[in-house]
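Welcome! Have a look at the sequence and the 3D view first, and then let us walk through them together, one chain at a time.

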Amino acid sequence: MNFPTKTLRALLVGAFLATPALAVAPAGPAPAFQLASMAGKPVSLDQYKGQVVMINFWASWCGPCREEMPILEKLHAKYKPMGFTMIGVNVEPDSAEAAKWLKATPVTFPILFDTKSEVSKLYSVASMPSTVIIDRKGNLRWLHRGYKAGDENEYLNQIRALVRE
Amino acid sequence: MHALKRFAALALLAIGATGARAAVLAEDRADMMYHRYQGGGITVQGPSVLVRKKFGESLAATANYYVDNISSASIDVVVSGASRYAERREQKSLALEYLRGKTTYSASYTNSKENDYKADTYSLSVSQDMFGDLTTVSFGYSQGLDKIGSSVDPTFKDEIKRRDYRVGVTQVLTRDLLSSFNYEAVTEQGYLQNPYRFMRFLNASGSYSRGPEVFPRTRTSNAGSVMLKYYLPWRAALQGNYRFYTDTWGIIAHTAGIEYTHPLWNRWIFSGSYRYYTQTGSDFWSDLFPRAGYQNFMARDKENSPLVTQTIGLGASYEFPIEWAGSWLKKGSANLHINHMMVDYSKFRDLRAFPPGTATPGTEPLYALDANFLTFYLSLWF
Amino acid sequence: MRKPLLILGAAALLAATACAPIEPWVKPYEREHLADPIMSIQGDAVSASYLDHVFEVREGARGATGGAGGGCGCS
């Protein structure tokens with residue numbers, strides 16, 4: 001009876017010590033891409049060179065993604081005058097559900113449709129939702145995996161810092 | 001049992017070590033259900049209410065209140081000479097979940113009470129998402145204490161101590177196929193029989209006499225199951241499952257089931273299911289023993305006799321338009337599931353029309369049970 | 001003999017999960033079907049536990065009916 005209880009105690013302590021890592025700092029230029037947008041005209045990333053860009057990979061079937069959208073809309077509205085833009089990349093192969101959801105919950109920032117998952121692969125999307133923040137020079141600066149209430153504070157701090165560059 | 005405990009401890013080590021990234025706790029909800037079972041002279045019906053609330057992003061609590069209102073003139077009641085009785089069983093449970101990184105820890109307590117039976121169960125479990133959330137591994141442990149009485153004998157008092165170990169792995173196989181493997185071992189000690197049942201034996205005059213059942217005071221069982229669920233291209237789901245069960249009483253059981261789920265007309269989801277169950281009886285089971293005291297353990301309870309159960313089910317679920325409620329309600333649904341169950345006993349005989357002396361013992365017709373049960377519930381998500 | 005083996009097994013499991021991560025073959029953005037409520041393997045708690053209860057009372061077997069996981073895998 002000694003071995004299991006000692007090990008169990010050690011494991012529970014170990015499990016509690018494991019710290020979650022949600023925001024990481026990647027490096028290098030953000031991969032270029034061009035996708036069809038909801039507005040009609042295709043949109044490419046280099047249209048936004050010189051601005052701070054936040055790309056949010058989302059899907060209508062993803063709960064935390066839907067929860068995050070109103071917050072992203074607020075960020076876009078607030079920082080747009082300072083040279084910032086939010087881009088929503090919808091990862092669904094069939095855009096019908098996403099279009100339906102956006103009709104009920106509209107946003108003003110560009111929504112692009114990555115129906116072939118090319119951009120998701122390009123950015124190695126490893127969780128839903130995923131958010132990358134790109135600086136004015138076009139380099140990747142921040143990567144956020146997932147969304148939890150309160151993450152928007154980190155977004156605010158990072159955007160504010162990059163917008164001042 | 002010792003080996004399993006070590007395995008569980010070992011696997012918890014793996015859980016602690018994997019990189020922590022967030023998963024999510026399920027949403028706040030309330031479910032109100034009416035359940036009804038009718039068959040074999042028994043009617044059991046009542047409510048089941050469940051409320052679940054998250055506190056922040058990491059903690060959630062779920063409470064459930066369940067009642068069985070029983071009115072029984074089952075074959076066992078009739079044959080024992082008793083008249084229809086009514087009884088009420090109340091069950092309350094509280095569960096807490098704590099999410100940290102990709103690990104969910106849960107603890108729960110359940111209490112069940114009826115006039116001659118009280119049960120307390122404590123449970124702990126850990127669940128971990130890994131390998132890009134394609135795999136979920138979970139471990140569970142439960143401990144229970146049942147206190148048994150008898151309404152016919154107020155001096156009768158006994159108990160059962162129970163331990164339950166569960167391991168499960170759910171694995172995403174493809175974007176359309178899910179699999180789940182579960183193993184559960186239960187070990188019990190104490191009074192494991194039903195104080196209202198009896199066995200029967202051939203007596204000297206060629207008819208039968210009743211005698212007390214004698215069950216072992218321990219029972220250890222092992223069950224392993226596999227489930228596959230496939231997403232069909234026209235938006236439907238097909239699930240198949242199989243479970244193998246064996247225990248120290250000699251019961252071997254196979255369970256196989258399929259379920260088809262089909263959404264229609266935007267707000268409706270329909271389902272159909274079929275379940276086949278077969279078990280051998282326990283080693284010490286017999287419908288008619290050659291004499292009193294024939295062997296150390298003797299049982300005649302139909303639940304542990306060789307039998308086959310087939311159950312067919314139909315379900316319909318309607319998701320109501322959110323505009324009905326306002327912004328405090330995220331989603332709501334009304335659900336109805338009806339089931340028809342047929343149990344064929346291959347050795348248990350129907351003695352209701354055959355008291356001692358009316359037929360040659362062992363030639364009475366075999367018993368068969370037909371029952372219908374349904375659940376109707378409203379689910380609200382906040 | 002058993003204790004060192006167990007420690008070795010633990011180390012192997014740790015190494016497997018922490019040092020050599022398996023690349024998920026179903027990407028997070030490909031989980032649309034798995035996230036569909038009809039693909040849930042848990043079922044509503046009130047009705048799933050009731051169903052288990054109905055069978056457990058009338059049959060000899062018990063256990064191995066549950067399962068956690070599947071779904072959207074969102075964070």
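Of the 75 residues in chain C, 44% are buried. Please keep in mind that everything described here comes from a predicted model. Chain C contains 3 helices and 0 strands, and along the sequence its elements read α-α-α.

Where does chain C meet chain B? The contact brings 40 residues of chain C together with 63 residues of chain B. On the side of chain C that touches chain B, at least two residues come from each of α1 (2-18), α2 (32-35) and α3 (45-58) of chain C. The most is given by α1(C), which supplies 7 residues to that side. Sorted by class, the residues of chain C on this side are 20 nonpolar, 13 polar and 7 charged.

Chain C also touches chain A: here 9 residues of chain C and 18 residues of chain A take part. The side of chain C that touches chain A is made up of 5 nonpolar, 2 polar and 2 charged residues.

## Chain A at a glance

Turning to chain A, you will find 5 helices and 8 strands. Starting at the N terminus, their order is α-β-β-β-β-α-β-α-β-α-β-β-α. Chain A has 165 residues, of which 36% count as buried. If you take the contacts in chain A between residues at least 6 apart in sequence, 68% of them join residues at least 24 apart.

One peptide bond in chain A deserves a look of its own. The bond from M128(A) to P129(A) is cis, and its omega is near -5°. You can find P129(A) in the loop between α4 (118-122) and β7 of chain A.

## A kinked helix in chain A

Helix α2 of chain A covers residues 63-79, 17 residues in total. From first C-alpha to last, α2(A) reaches 25 Å, close to the 24 Å expected at 1.5 Å a residue. Where does α2(A) kink? The kink, of about 35°, is at M69(A), shortly before the proline P70(A).

M69(A) is also one of the buried residues of α2(A), which are P64(A), C65(A), E68(A), M69(A), L72(A), L75(A), H76(A) and Y79(A). The cover over these buried residues includes β4 (52-58), β5 (84-90) and α5 (151-163) of chain A.

In soluble globular proteins, nonpolar side chains tend to be buried together. Here the largest nonpolar core has 52 residues, and the members that touch the most others are A59(A), C62(A) and I159(A). Two or more residues of this core come from each of β4, α2, β5, β6 (111-113), β7 (130-134) and α5 of chain A, and from β12 (218-232) of chain B. The largest share belongs to β4(A), with 6 residues. Apart from this core lies another one, of 11 residues, which includes V343(B), F348(B), A371(B) and F373(B).

Which residues does A59(A) touch, beyond its neighbours within four places in sequence? Its contacts are C65(A), N90(A), V91(A), E92(A), M128(A), Y29(C) and E32(C).

## Strands and turns in chain B

In chain B, strand β10 (residues 198-202) runs antiparallel to strand β11 (residues 208-212), and 5 bridges join the two. One of the pairings links M199(B) with G211(B) in β11(B). The hairpin of β10(B) and β11(B) has 5 residues between the strands, and in it G206(B) takes a positive phi near 85°.

The phi of F131(B) is about 50°, and F131(B) sits in the loop between β6 (117-130) and β7 (135-149) of chain B. For W265(B), phi is near 50°; W265(B) is in the loop between β14 (252-264) and β15 (268-279) of chain B. Are these residues buried or exposed? F131(B) is partly exposed because 17 other C-beta atoms lie within 10 Å, while W265(B) counts as exposed because there are 8 within 10 Å.

Finally, A185(B) belongs to strand β9 (residues 177-190) of chain B. A185(B) has 19 C-beta neighbours inside 10 Å, so it counts as partly exposed; a buried residue needs 20 or more. Between A185(B) and R163(B) there are 22 residues in sequence terms, and 8.2 Å in space from C-alpha to C-alpha.

Technical notes. Residues are numbered from 1 along each chain as its sequence is written. Chains are lettered from A and ligands numbered from 1 in the order in which they are written. This is a predicted model: local features need pLDDT of at least 70, side-chain atom pairs count only at pLDDT 80 or more; totals for chains, interfaces and linings use all residues. Two strands pair if DSSP finds at least two bridges between them. Helices (H or I, at least four residues) and strands (E, at least two) are DSSP runs, numbered from the N terminus. A residue is buried if 20 or more other C-beta atoms lie within 10 Å of its own, exposed if 12 or fewer, and partly exposed in between; C-beta atoms are placed from the backbone. The expected span of a helix is 1.5 Å times one less than its number of residues. The bend at a residue is the angle between axes fitted to the seven residues ending there and the seven starting there. Two residues are in contact if their C-beta atoms, placed from the backbone, lie within 7 Å. Ala, Val, Leu, Ile, Met, Phe, Trp, Tyr, Cys and Pro count as nonpolar, Asp, Glu, Lys and Arg as charged, and the others, Gly among them, as polar. A nonpolar core is a set of buried Ala, Val, Leu, Ile, Met, Phe, Trp, Tyr and Cys residues joined through C-beta atoms within 7 Å.
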